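Hello,

Here is the structure I promised to pass on. Please open it alongside this note; my findings follow.

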Amino acid sequence: MTGSEKRQQALLRRSAVLRSPLVPDAVVLEIARHDWESIECGCGRSAGHLVDAVRDAAEGHPSAFHALEGHVFFAEHLKPPAPAVCGVLMAVWAAHPPRQATREALLWTLLALLCTVDDGGTHEAGLHGQCAAFIRTGVDGFRREVATAPGSGTAAYAEGILDILGLPA
């Protein structure tokens, strides 16, 4: 077993211990896919402490999404854990969170990630490009949100996301 396989197995064991019936399996797998300990968080520590925050967000706690500010993004800049967190958030979105407050906080966070400065070069995607690639996977859901909840906060955030991605609502 290689080092990365051992690391993934350890994370899977940890996620099994932290298992919640409110967190879909696809989200648990996305959390386990990342080596959180090797990523430097925006607060200067290892991003390992973000596992609890993204799990809380996946459980539907709106405040958990807002707690990512300063760790994943700050003002107009993304921090190194942004792509990993974005992958988890998109897994949450794909699981169709039922509560409007959760969807609104999730869409607010995705919009905040997209509203940062693009740090990519001409030959590679920076943090912004990596996040945008994850977010593009949810386009159909964003369009559904706009169509089913016109005039709501969730629809406004979804429209903003589609606009920044340069896609029609």
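Just after helix 5, His96 takes up a positive phi of about 55°. Bear in mind that this is a predicted model.

Helix 5 itself is worth a look. It runs over residues 82-94.

Next, the core. The largest nonpolar core has 49 residues. Those touching the most other members are Trp36, Leu68, Leu110, Ile135, Phe142 and Ile161. Several helices each supply at least two residues, including helix 2 (25-32), helix 6 (100-114) and helix 9 (153-164). Helix 5 gives the largest share, 10 residues.

Leaving aside neighbours within four places in sequence, Ile161 is in contact with Leu107, Leu110, Leu111, Leu114, Ile135 and Phe142.

Then the aromatics. A search of the whole structure finds two aromatic pairs. In one of them, the rings of Trp93 and Phe142 have centres 5.3 Å apart. Their planes are at 35°, so this pair is tilted. It links distant parts of the chain: Trp93 sits in helix 5 and Phe142 in helix 8, 49 residues apart. Are these two residues buried or exposed? Trp93 is buried, at 7% relative accessible area. Phe142 is buried too, at 0%.

Best wishes

Note on methods. Residues numbered from 1 in each chain as written. Predicted model: local features only at pLDDT ≥ 70, side-chain atom pairs only at ≥ 80, totals over all residues. Heavy atoms only, no water. Core = buried A, V, L, I, M, F, W, Y, C linked by side-chain atoms within 4.5 Å. Buried < 20%, exposed > 50% of the residue type's maximum accessible area, 1.4 Å probe, protein only. Helix = DSSP H or I, 4+ residues; strand = E, 2+ residues; numbered from the N terminus. Contact = heavy atoms within 4.5 Å. Phe/Tyr/Trp six-rings, centres within 6.5 Å; stacked < 30°, edge-to-face > 60°.
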